[in-house]
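Open the model in your viewer and keep the selection tool ready. This tour goes from stop to stop.

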Amino acid sequence: MSDNSTMGLFMISNPVFECYAFYGSILILKMILMSFLTVLQRFRKKVFISPEDTAISKGGGEIRYDDPDVERVRRAHLNDLENIPIFLITGLLLVASKPQEMIANNLFRIYTFVRIMHTISYAVFVLPQPTRAIFFIAGAVINIIMVAFVILSMHYF
């Protein structure tokens with residue numbers, strides 16, 4: 001990249017930031033869509049959390065807070081809400097550290113893949129453990145690797 005300014009790092013002309021923005025946007029969209037997956041599951045099971053929600057369901061429904069299928073999707077969504085923001089912050093710090101393009105872009109790609117696979121294996125097509133755990137751990141390791149790259153790029157050592 002010819003522009004060495006910090007602001008130039010956070011422009012689409014920087015291929016690392018472009019990749020981060022693309023995969024970060026996919027993950028943000030994924031988190032938004034998880035809300036709709038929860039709603040879809042509630043309507044499929046006719047299980048709602050508020051009485052007024054039963055009125056919009058054909059055939060009514062029941063008020064329940066413990067349906068295992070709905071709760072599975074909700075937990076997957078909560079897991080995203082706990083993990084993806086960390087990636088978004090860590091990824092932005094990685095971009096700021098001027099990493100090697102291939103390494104950073106592959107970390108972004110792999111993280112996105114494992115988060116999608118985590119959701120699929122947890123909330124869509126329930127797969128036996130340790131499948132979900134492997135995807136979760138892979139995502140956590142990628143965040144740790146990105147933090148390590150950021151720390152090692154600093155001049156405090």
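Is Glu71 buried or exposed? Glu71 is buried, at 18% relative accessibility; buried means under 20% relative accessible area, exposed over 50%, and partly exposed in between (1.4 Å probe, protein chains only). This is a predicted model: local features need pLDDT of at least 70, side-chain atom pairs count only at pLDDT 80 or more, and totals for chains, interfaces and linings use all residues. Residues are numbered from 1 along each chain as its sequence is written, and side-chain values use heavy atoms, with hydrogens and water left out.

A salt bridge is a side-chain nitrogen of Lys or Arg within 4 Å of a carboxyl oxygen of Asp or Glu. Arg74 is partly exposed, at 32%.

Next, select Lys30 and Asp80. They form a salt bridge, with the closest N and O atoms 2.3 Å apart. Lys30 lies in helix α2 and Asp80 in helix α4, so the pair ties together parts 50 residues apart in sequence. Helices (H or I, at least four residues) and strands (E, at least two) are DSSP runs, numbered from the N terminus. Lys30 is buried at 9%, and Asp80 at 0%.

Now pick Lys45 and Asp67. This salt bridge has its closest N and O atoms 3.0 Å apart. Lys45 is in helix α2, and Asp67 is in the loop between β2 (62-63) and α4. Lys45 is partly exposed, at 26%. Asp67 is buried, at 4%.

Finish with the network. Salt bridges link Arg44, Lys45, Glu62, Arg64, Asp66, Asp67 and Asp69. The structure holds nine salt bridges.
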